[in-house]
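Could you open the model in your viewer and keep the selection tool handy? Here is a short tour, one stop at a time.

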Amino acid sequence: MKARELLSRGGPFLGLVLVSALFGGLVGPQFFTPGNLELIARQTAIVGMAALGMTLVIASAGIDLSVGSVISLSTVVVALLLRHAASPALAALAAVAAAAVCGLVTGLLVTGLRVVPFIVTLGMMLLVRGAAKGLAEERRIEAPVTWLNDLLRTHAAGVGVLLPTGIWVLLAMALLVAGVLRYTRFGRHLLAIGSNERTARLCGVRVGRCTVAVYAIEAALTGLAGVMQFAKLSVGDPTVAVGLELDVIAAVIIGGGSLTGGRGTVFGTLVGAVLMTVIQIGCSQRGLPNWVQQIVTGGVIVAAVAIDHWRQRAQAA
Amino acid sequence: MGFLSEDRKDEGLALGLSVADNMTLSRLAGLGPGPLVLPRPQARAAAGLIQRLGIRCRGAAQAVRELSGGNQQKVALARLLHHDADLLLLDEPTRGIDVASKTQIYALVDALVADPGEGRPARAVLFVSSYFPELLGLSDRIAVMSSELDEHRLILEAAGTKGAA
């Protein structure tokens, strides 16, 4: 029982250790230098940040396919405001707010029209992408250099304390989101909705309100991921992050989330996100072509879900 | 007012969640300051209910899915107790569960009505069942509803006939 419980809690982490050991062996000990670990963290930041919100949405048995589009909108908003001489903090805040509005609309459509989130967010994916392109007049938006550009710059360049500032932001948000999911009424309600919506409703959970709130919060976190994307690109790009939602969803699923809801942890999600980056960076440092990396990542996603199902069946029996 | 659904799996319980989560879902307030739900008070509340209802489980953290039907039903009933309802609507609470659990539920219902607890108003239980003997054993008053006679007409009312079946 103990061993199985350990496997159940630490499964994704165990996977991460195995995959890291594998690439450590393939690439050599330089794979674990502080500089390389920092590179992995920086590469994970954008997907990781968006995946924090996705963890909440998937815990409530929802899904959001508009993540990539919201990120691109967010980069465009930051760049436009910086060009109009707004302060960097204001620009970032506005980007998060714009993203949150997208999430609010998604949540209201899901609850108001009673259309499944898959369809609503599929629509929002195109809608928000279109809005981003329209806002940017289908061009990249150059922006003056500010401290926002340093968010994900390596510590070796002399910014941030020990780690790039963006990583600290990610860790702080991760702690916050984990706390909300585990230790608040809202978090318990999300898990209850995800596990059995009818029961949650009968127990007095305000399902509609929770749903709208969770999509707004998730989109705000995605907006923050967009600010990081801007930091990486240093321009506002309405065509960036196409399909990124799939990486985000994969991170949650590898981390133990279930698309049928009621499950998922922030720690697992972060492990899932890091795991995918390790595969990416490991393959490229080993000199393996991109197609190998994609096949390996795909295999890990399927394996993670398969192992999880097998474990649950074993537990039920 | 608390309602125990006859449809345990679809309406009554969130099977994937823990015993403690299911028991406390309808009244999470008071399990921590402000909007917080802290594990310790939640586990304490659940442990009390597990003992009071004689629920067989590994602990408050076990998923309800893994329990037997009778024990699942007792978890659902425990939620009503945690909610501290004055009026309990129990819809087929003994359907599809083992005899031992049935007996425990009868005893619990009896105790709830006979002794509401210190300084609290009396409780009422509306017990719906299609199994007549258990109604005879449990009820102070039985009403029979049938759609074959005039629309949902009350055709029998036995007042004050509590006694053994």
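This is a predicted model: local features need pLDDT of at least 70, side-chain atom pairs count only at pLDDT 80 or more; totals for chains, interfaces and linings use all residues.

pLDDT is the predictor's confidence in each residue, on a scale from 0 to 100.

**Stop 1: confidence in chain B.** Chain B has an average pLDDT of 79, and 87% of its residues score at least 70. Select helix 2 (residues 19-24) of chain B, which has the highest mean among the elements of that chain, 90. Then go to strand 5 (residues 153-159) of chain B, where the mean is the lowest, 47.

**Stop 2: a nonpolar patch on chain A.** Select Leu113(A), Val115(A), Val116(A), Phe118(A), Ile119(A) and Leu122(A); together they make a nonpolar surface patch of about 520 Å². Helix 5 (residues 117-135) of chain A gives the largest share, three residues. Phe118(A) lies in helix 5 of chain A and is partly exposed, at 46% relative accessible area.

**Stop 3: salt bridges.** The whole structure holds nine salt bridges over all chains.

- Arg139(A) and Glu137(A) pair with their closest N and O atoms 2.8 Å apart; Arg139(A) is exposed at 52%, and Glu137(A) is exposed at 55%.
- Arg153(A) and Asp150(A) form a salt bridge at 2.9 Å, N to O.
- Arg201(A) and Glu197(A) come to 2.6 Å between the closest N and O atoms. They sit four residues apart in helix 8 (residues 197-202) of chain A, so about one helical turn separates them.

Technical notes
Residues are numbered from 1 along each chain as its sequence is written. Chains are lettered from A and ligands numbered from 1 in the order in which they are written. Side-chain values use heavy atoms; hydrogens and water are left out. Patches are made of residues with over 30% relative accessible area and no salt bridge: like charges are joined within 9 Å, nonpolar side chains (Val, Leu, Ile, Met, Phe, Trp, Tyr) within 5 Å. Accessible areas come from the Shrake-Rupley method with a 1.4 Å probe; for residues, only the protein chains shown count as cover. A salt bridge is a side-chain nitrogen of Lys or Arg within 4 Å of a carboxyl oxygen of Asp or Glu. Helices (H or I, at least four residues) and strands (E, at least two) are DSSP runs, numbered from the N terminus. Buried means under 20% relative accessible area, exposed over 50%, partly exposed in between (1.4 Å probe, protein chains only).
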